[in-house]
Amino acid sequence: MDIKSVHTQLNKHKDAIRNTVESLNEFSSLVCFLRIISCNGDSPCNFSDAWCVAERSVDVDSTGRNPIVYFADLFDVTILTQFLDTGTLPEHKKQSSTALLKSFDRLAKFLDNYEETSKILQKYSEKNLREVEWAGIFGTHIAKQLAVVQDMRMSDTGYEKVSVCICGCGNDLEYGDTSMGNKQVWHGSIDIFLGHVAIDVAWQATDSSSTSAFELDTDNLDKYRHQLIAETIVFSCTRSKGLVPTIAVSREKLKVFLYDHESDLLFESKEFPLASFTKEKELPYQTILALWLAINYSLFGSGISPVYKQAGYFANFKPFITEKKKCEIYVKEMHLFGCKKVLTMLPPLSATVDKKGQKGFWHVPRS
Ligand SMILES: [Zn+2]
């Protein structure tokens, strides 16, 4: 890939990118530390049954501290701005130059097709789709387009599958095992694996009047958020490579959770709106850039700053599992694949018919 031509391509969007990079260093791109109050991460438990009560650093300030970070603190955006300014890559990133150029190329092409993509997103987010259909659209047209590693696999559990993206683009959707964890503790399938990125899709039907699981409501520690935190911790432990993100996306918004097991620091970003949730009905540049950075975290992740450790706002997950004697499992025995939620054999039909001849309900045991 020719560095000059990538630079020329990306430079067409120079002003928009510059303004957006600045916004990733402001309150609109807040990231909170999370502290776990209680959880069942020591139990053999599928993600759907995981619970994890966690408070955000903005919620509590009893010590007078208010430790927060911005999105740009967790990702090295200067690699991007330097490239725009000078057309060069930093010395210390020379080894990853091919992947970096590819990531810039992806971003440039995404911004070239920006209006078309916004339209697809807007159109389908207003339809009453099934979750798998939305996952296919988001995965195909947004996540995959921004990723250097474009292998995408959707979960083969719990979905009634669709073989191609429903927008008519003709892109095939692949399904397979997307499970992770360890059956002795938290485990289960994530909706999408995109290269080394885990994406959880929370689709809500348009006729639902309930509030989104994604709202940054301090009292809304609902079950879905519990599951996302469990998935984030497990995925990071399977990668065992520093601060690893898990991306959560709904119809209207996305957010990024990140965990680093070594330092026991857990983060939750603010919500980044998708097209349908904005006045202009377009995908905001801030959302695009945040997602691009998170998806390509192996290139742009800044790791854990000593300042964060000094802030002392640890997740408290490590002391918890150490006390419960499950630390070894999280450190050494977490793996990708092979730990799907298995539906055990259903009982014979006769066993589900009660004395009056009424059919009973299939019981799906929790694994
Ligand atoms: Zn499509």
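Mentor: We will take these features one at a time, with the general idea before each case.

Mentor: This is a predicted model, in which local features need pLDDT of at least 70 and side-chain atom pairs count only at pLDDT 80 or more, while totals for chains, interfaces and linings use all residues. Residues are numbered from 1 along each chain as its sequence is written, and side-chain values use heavy atoms, with hydrogens and water left out.

Trainee: How many salt bridges does a search of the whole structure find?

Mentor: The general idea is a side-chain nitrogen of Lys or Arg within 4 Å of a carboxyl oxygen of Asp or Glu. Here the search finds 11 salt bridges. One of them joins D85 and R18, whose closest N and O atoms are 2.1 Å apart. D85 sits in helix α4 (residues 78-86) and R18 in helix α2, 67 residues apart. Helices (H or I, at least four residues) and strands (E, at least two) are DSSP runs, numbered from the N terminus.

Trainee: Does R18 count as buried, partly exposed or exposed, and why?

Mentor: Buried means under 20% relative accessible area, exposed over 50%, and partly exposed in between, with a 1.4 Å probe and protein chains only. R18 counts as partly exposed because its relative accessibility is 27%.

Trainee: What is the strand order in the open sheet?

Mentor: Two strands pair if DSSP finds at least two bridges between them. Four strands form this open sheet, in the order β2-β8-β7-β15, with mixed pairing. The edge strands, β2 (45-46) and β15 (335-336), each pair on one side only. Strands β7 (residues 179-181) and β8 (residues 186-189) pair in the antiparallel sense over three bridges, and S179 has S189 in β8 as its bridge partner.

Trainee: Now the spaces: which residues line the largest cavity?

Mentor: On a 1 Å grid over the protein atoms alone, a cavity is a set of points where a 1.4 Å probe fits but cannot get out; a pocket is an open set with protein on both sides within 12 Å along at least five of seven lines, and lining residues have an atom within 4 Å of a point. Points are joined across faces, edges and corners, and a volume is the space filled by probe spheres set on them. The structure holds one cavity of 30 Å³ or more. The largest cavity is lined by A16, I17, T20, L107, L111, Y285, I288 and L289. The elements giving two or more residues to that lining are α2 (14-23), α5 and α9 (285-295).

Trainee: And what volume does the second largest pocket have?

Mentor: Its volume is about 230 Å³. Helix α5 gives the largest share of the lining, four residues. Among the lining residues are D105, R106, H141 and N171.
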